[in-house]
Amino acid sequence: MEGGEKPPARVDDLREQLRALGYLDARVDRFVLGRAATRGRGWSLALGASLRIGALAGVLLGPAAAVGLSARLPGLVTNVTDAVVLAGYLAVLFGAGSAVLAFAATLAGVALARGAASDANFAPRARRAATLAGLAVAAACLVYLTLWWRTTSAPMGPLASVPAQVLVMAIAVAISVLVGHAVTVTVLATLVRFGLARSLEHGSPLSSWRVLLPVGVVALVGALALLAVSAQTAPEAVAPPLAVVPTGARVVVIAIDGVDIPTLTRLTASGALPTLGALTAQARATLLNDTNRDPARVWTTIATAQTPERHGIHALQARQLAGVDGRLRPESPGLSMLTAATDLLRLTSPTIASGDERVLPAFWEVAATAGLRTAVVHWWATWPAGAGQGIVLSDRAILRLEQGGAPVGEIAPEPLHATLVAGIEARRARVTAASVHTWPDGQPDQITGVLKRSAELDATVLDLGADAALGPLDLLTVYLPGLDIAQHALLQGADNSPMATSATADRVRGLEAYYSFLDVALARWLARIPDADRQVVLILQPGRVQHAAAGLLAISGSFASQTVVTDLAPTAVAPTVLT
């Protein structure tokens with residue numbers, strides 16, 4: 001006995017009562033109540049039916065939510081398998097939430113109706129309580145689906161037209177009303193299970209077309225109104241197509257990560273860095289910094305002239321769902337905590353940000369589209385390299401060339417891979433010679449080892465950038481991460497505790513020696529690059545350090561003037577290069 005309710009009727013009698021009241025006429029009703037009707041107690045019936053409502057909602061909402069999420073995160077869904085697996089994940093998530101919501105609404109509706117079980121007006125009160133419970137659940141589902149669609153739909157996407165919006169909202173109304181109807185039937189069936197069927201009328205309040213049609217119309221109008229209210233008040237201005245006019249200049253973009261500008265200025269003033277001193281002696285501009293020093297985020301902002309919210313690369317490390325080829329990027333501390341838990345459960349795993357997540361073109365891609373001959377070497381988020389982007393040696397090209405095997409988007413155009421592989425032994429010899437440098441004496445082998453490995457990486461990038469296989473170019477872009485790698489490895493203690501003064505001094509001397517290595521390496525490299533009408537654009541960033549100093553943009557060549565600009569936004573670099 002539960003709370004004094006009457007003994008439960010036999011299962012066969014209960015089924016006959018439900019059929020007599022019309023609660024098993026529809027297939028949805030039979031699905032929701034079929035197994036639940038065999039439960040031994042009223043609340044068990046409510047729980048079983050709520051679980052089936054959750055399953056029904058999951059089947060309907062999972063695919064719909066997957067469509068919206070794939071529009072929001074284009075790098076997450078890359079094929080049909082991804083879409084199916086993601087729909088399954090979302091079906092479980094939304095199904096569980098819908099089951100909890102349905103059970104709570106059922107408990108509330110039953111409790112409200114049973115309060116008048118001994119009154120003469122029990123029957124109308126029970127129907128009102130069941131109807132309110134169903135409408136509440138339907139309204140909650142519809143509001144959620146409407147806001148989800150508003151958040152995930154693209155303003156200029158294929159479903160942005162008014163007829164498409166009405167169709168989508170009509171589907172959302174149908175799903176919401178169906179779930180609400182199931183909750184209403186569950187409330188009434190639970191009352192029957194408690195032995196209160198004697199005065200209930202035949203049929204469910206949310207089953208008749210005379211009721212469903214006006215409810216659906218009102219819900220559709222309300223959903224469209226919510227969609228309109230939550231939309232942006234003014235559409236964004238559409239920028240005119242960018243016309244790239246060849247100037248005859250051969251532009252070389254050198255991006256160096258991990259440069260401390262005060263240190264660079266001091267060493268340049270002492271005459272220790274003649275090449276870097278010459279490259280920074282003409283037009284200069286200090287670059288404002290993103291407080292988030294993630295390299296993939298910072299350098300993609302520079303390359304696309306857009307913020308991370310627009311270009312799509314928020315962090316070097318993303319997450320990959322089990323069974324899904326696409327990637328999910330953590331954008332908030334709360335989501336980061338969630339992905340830590342899902343990593344533990346093997347539902348997600350760490351992965352490196354890729355070009356699939358970048359939704360806007362980089363400056364070399366804009367130039368290539370305009371017909372210029374371009375090449376980029378080792379820039380962040382350039383894998384997988386595709387056709388029509390010029391020559392791309394992506395951020396995974398060096399690893400592919402060293403490890404061998406068939407290329408998978410590391411190099412474009414793909415025939416270039418075989419040419420670079422054929423010359424790999426000669427390249428290794430050149431890199432070994434180019435990375436030889438006089439490092440400070442008396443340093444621990446650990447420090448010298450870090451500096452040598454970083455030097456070999458930068459020397460490899462430079463050698464690839466000067467390879468004759470790239471042919472004549474209008475725009476050559478290289479990214480050198482070695483200084484940032486060395487700086488991060490040497491200045492970060494193993495347990496984040498302060499280092500001894502002597503140990504810090506050794507590391508600082510080593511890093512200063514690396515500035516000297518870069519200066520010599522750049523001088524040798526520029527000597528291999530054709531210098532007719534050559535304009536060099538130097539982009540310097542402080543790397544992964546706290547309280548970072550400003551970056552620097554420097555231009556040298558016949559097109560550059562003697563200009564000094566302060567506080568230039570990183571988003572201004574790409575337009576400057578294209579100009």
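Does Asp474 count as buried or exposed, and at what relative accessibility? Asp474 counts as buried because its relative accessibility is 18%, where buried means under 20% relative accessible area, exposed means over 50%, and partly exposed lies in between (1.4 Å probe, protein chains only). This is a predicted model, in which local features need pLDDT of at least 70 and side-chain atom pairs count only at pLDDT 80 or more, while totals for chains, interfaces and linings use all residues. Residues are numbered from 1 along each chain as its sequence is written, and side-chain values use heavy atoms, with hydrogens and water left out.

The protein as a whole may be considered next. Its secondary structure comes to 20 helices and 11 strands; helices (H or I, at least four residues) and strands (E, at least two) are DSSP runs, numbered from the N terminus. Of its 579 residues, 47% count as buried. Among contacts (heavy atoms within 4.5 Å) with a separation of 6 or more, 74% join residues 24 or more positions apart.

Asp474 itself is found in the loop between H17 and strand S8 (475–480). Leaving out residues up to four places away in sequence, Asp474 touches Ala249, Arg250, Val251, Leu372 and Arg373. Strand S8 also holds Thr477, which counts as buried because its relative accessibility is 0%. Beyond four places in sequence, the contacts of Thr477 are Val253, Phe363, Trp364, Ala375, Val376, Val377 and Trp379. Thr477 and Ile254 are 223 residues apart in sequence, yet their C-alpha atoms are 6.1 Å apart in space.

In soluble globular proteins, nonpolar side chains tend to be buried together. A nonpolar core is a set of buried Ala, Val, Leu, Ile, Met, Phe, Trp, Tyr and Cys residues joined through side-chain atoms within 4.5 Å. The largest such core here has 54 residues, and those with the most contacts inside it are Ile254, Ile256 and Trp525. Helix H19 (residues 501–528) supplies the largest share of this core, 10 residues. Apart from neighbours within four places in sequence, Trp525 is in contact with Val252, Ile254, Leu462, Gly465, Ala466, Leu476 and Val478. A second, separate core has 40 residues, including Ile53, Cys141, Ala172 and Phe194.

Ile256 also belongs to the lining of the largest cavity, together with Val259, Leu264, Leu276, Leu483, Tyr515, Leu518 and Leu540. On a 1 Å grid over the protein atoms alone, a cavity is a set of points where a 1.4 Å probe fits but cannot get out, and lining residues have an atom within 4 Å of a point.

An α-helix has 3.6 residues a turn, so residues three or four places apart point the same way.

Conventions
1 Å grid on protein atoms, 1.4 Å probe; cavity = no way out; pocket = protein on both sides within 12 Å on 5 of 7 lines; lining within 4 Å.
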